[in-house]
Structures are given as structure tokens and as C-alpha cells.
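This briefing is meant to be read beside the sequence and the coordinates.

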Amino acid sequence: MSLGQRVTDDHQLARLLQIGVVLEEVVESRAHHHLDSFDAGERDPAVEALLREAADESAEHRDRLAALVAALDAETVPYEEINALVEAKYAQTAPEDFDDLLYDQLCNEETAYKFYDDLIEAIEASDTEFSIDRAHVLDVLASIREEEAQGVEEVTELMEDYE
Amino acid sequence: MNTAEQYLKAIYLAQRIEDGPAATGTLADMLEVSPASVNEMIGKLEDRDLVEHEKYKGARLTDEGIERAEDALQTYCIIERFLANVLEVDDFRGEATALEAVIDDTVAERLDTIIDRLEECPDCFDAEADKCTFLEAPVDAAD
């Protein structure tokens, strides 16, 4: 068992980035499932816009992470595979109403923020020489983390509007 | 999972394996740290009422310690299952151990939405095999 938060080699960095890709794929897939689940009578333009934006942003984050994973000579799990897994479990985990849905979205953004924050800390705590440029990896992760922080703010504002 | 949680999980598993208090030497081996480091952390966990320590016998989790250890073990199970079943990692045990310090429990909860984990978790965890009894290793590891 290894104690302490640090990334020790290329392999571990690639694995953590792969996990980041899957997290983004889960967010994207769940957002699409939420949108598909709306009945015509209970649509809400603000919530729909939030979900579409979240799905687009996740897809864009996924591409940026996948580029880093590819540079490390590793592969990512295709979106279709994760989408199928989300689909299989969605009935058990789907939000019941808009409040629940916004809370789910808030968890997504907060979880992603926490993941990137921990990953950045773990890379900074390591003196490993990676085969890809460390500064570039940290730049990409910091910019994604910033967008997740903005996402948390946007969902929180929308939740306040619903109170 | 932070360092304290990793210790709680190790004590929990060592208690299961030894069917009694977790000896300092066992914990040092499991965590790959020195016995002095183990004793220092046991003291901190004792101060937080998570562990009771008897000299020459070892550490035993309190009820609150057990609860926290089970949460940590559940997080570990999610990481193992995710690595084995989603990323198809052959050495899912070794990699879960290496990654558990970097994966927060909220992140594990999200990963949990796409894996099949039984309600018995973490009771079904086999401490000696270091994996869930029901977890099947990937057939074609794409590692």
C-alpha cells in the first residue's frame, strides 16, 4: 500500500487521466439521459440549457484529457461503453425531480473539481519526470478545474433561483 | 482516501485476518511503513477515539472506527471493481492500492454509478485475497 498523495510514474498518471475521462463521460451520459427523461409537460428551459452546457463541456474536457492519455501511449474507454453502463444503471440512480436533478448536477461538478484538485496536488507532490511535459499537464488540468468551479457556481445559482 | 483512512482500513482487515487485535508488525507490513510510524498513527487514532490500543496485543477499532473503516473499504472496493470491470486492468489490486490515496470518496461514489456492487459490500470483501469475494478478474486484460 502506498501512503500519501503523489503520482509516481507515467503509468499511474495515464490511469488517473483515464479515470478523469470516464468521470466526464459519466457526466455527459447522465446529462443526456436526464434530457431524454423529460416529459413534454415538465420541461424547463434553464435546466435544459444547464444540462446541454454540462454535456458539451464534459465532451470537450474528455477530448483534452484523451489527448494527454494518448501522448502517454495509453487508451481511453470509448464513450459508447460508458454510456451503456450508465444506461444499465440509470433507472436505479435517476433523479426524481428538478431539485434532485440539480443536486445530481452539483455533485457532478463538485466531484470533478475535487478530482482535478487532488490530481494536481498529487502531480505537484511528485518529483517524477513524466514522458510528457509536466507544465502542460498541469495547465490543462488547472484550466479544466477552473471550469468545474464555474460549473459549481452556475448550478448553485440556479438552485437558489428555485428556492 | 487520506492516510488515517488507509490505516483504519488496514486495521480492520488485519483484525479480520488475525481474528483479534491488529499487531503493529502486521500493520507495518501491510502499509509498507516502519513500526514507529504505525505506533505514531495509532496514537493519533486513539486520541480521536477511533482505535483502542493494548500494549503487546495490538490495535482494535472502536465502533466509530469500524464505521469509518467500512466506508474506506467500500471506497477501495469501488476502485478495485472499477479498475477490473471498466478499465479491465489485470493488476487491479496493486493499482487500487496505489491509487486509493489519490481517489476521494466522492469521486468513488460517481464511479459507483456505473459498476455492479452488491449490497453486502464491504462484508463480502475477502481480506486475505485483498478483493471482493464476488469480483471476477478481467478475462482479456487490456492493460
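The pLDDT is the predictor's confidence in each residue, on a scale from 0 to 100. The structure shown here is a predicted model, and chain A averages a pLDDT of 89, with 96% of its residues scoring at least 70.

**Confidence in chain A**

- Within chain A, helix α2 (residues 45–71) has the highest confidence, at a mean of 94, whereas helix α3 (residues 79–93) has the lowest, at 88.

**Helix packing in chain A: α1 with α4**

- Helix α1 (residues 10–37) of chain A packs against helix α4 (residues 98–124) of chain A with the axes 11 Å apart and at an angle of about 170°.
- Angles over 145 degrees count as roughly antiparallel, and α1(A) and α4(A) are therefore roughly antiparallel to each other.
- The two helices, α1(A) and α4(A), cross in a left-handed sense.
- On the α1(A) side the contact is made by Leu16(A), Gly20(A), Leu23(A), Val27(A) and His34(A), while α4(A) contributes Leu101(A), Asn108(A), Thr111(A), Ala112(A), Phe115(A) and Leu119(A).
- By class, the residues of this contact between α1(A) and α4(A) comprise seven nonpolar and four polar, with no charged residue.

**Helix packing in chain A: α2 with α5**

- The axis of α2(A) comes within 11 Å of the axis of helix α5 (residues 134–162) of chain A, and the two cross at roughly 170°.
- The helices α2(A) and α5(A) are therefore also described as roughly antiparallel to each other.
- From α2(A) the contact draws on Ala46(A), Leu50(A), Ala54(A), Glu57(A), His61(A), Arg64(A) and Leu68(A), and from α5(A) on Val137(A), Val140(A), Ile144(A), Glu147(A), Gly151(A), Glu154(A), Val155(A) and Leu158(A).
- The contact of α2(A) with α5(A) has nine nonpolar, two polar and four charged residues.

**The contact between chains A and B**

- Chain A supplies 25 residues to the contact between the chains, and chain B supplies 21.
- On the chain B side, the elements that give two or more residues are α1, α2 (24–31), α5 (92–99) and α6 (105–111) of chain B, and α5(B) gives the most, with four residues.
- The side of chain B that touches chain A divides into twelve nonpolar, five polar and four charged residues.

**The two domains of chain B**

- Chain B is divided into domain 1, spanning 3–65, and domain 2, spanning 67–132, and the centres of these domains, taken over C-alpha atoms, are separated by 21 Å.
- Contact between the domains of chain B involves 14 residues of domain 1 and ten residues of domain 2.
- On the domain 1 side of that contact, α1 (3–18) and α4 (63–85) of chain B are the elements that give two or more residues, and α1(B) gives the most, with nine.
- That side of domain 1 of chain B is made up of seven nonpolar, two polar and five charged residues.

**Backbone details in chain B**

- Most residues other than glycine have a negative phi, and most peptide bonds are trans.
- The peptide bond that joins Cys121(B) and Pro122(B) is cis, with omega about 10°, and Pro122(B) is found in the loop between α6 and β3 (125–126) of chain B.
- Glu32(B), a residue other than glycine, has a positive phi near 55°, and Glu32(B) is found in the loop between α2 and α3 (35–47) of chain B.

Technical notes: Residues numbered from 1 in each chain as written. Chains lettered and ligands numbered in written order. Predicted model: local features only at pLDDT ≥ 70, side-chain atom pairs only at ≥ 80, totals over all residues. Domains from an automatic or database assignment. Contact = placed C-beta atoms within 7 Å. Nonpolar A, V, L, I, M, F, W, Y, C, P; charged D, E, K, R; others polar. Axes fitted to C-alpha atoms, helices over the stretch in contact; angles between N-to-C directions. Parallel < 35°, antiparallel > 145°, perpendicular 65-115°, else oblique. Left-handed = near helix turned anticlockwise from the far one by under 90°.
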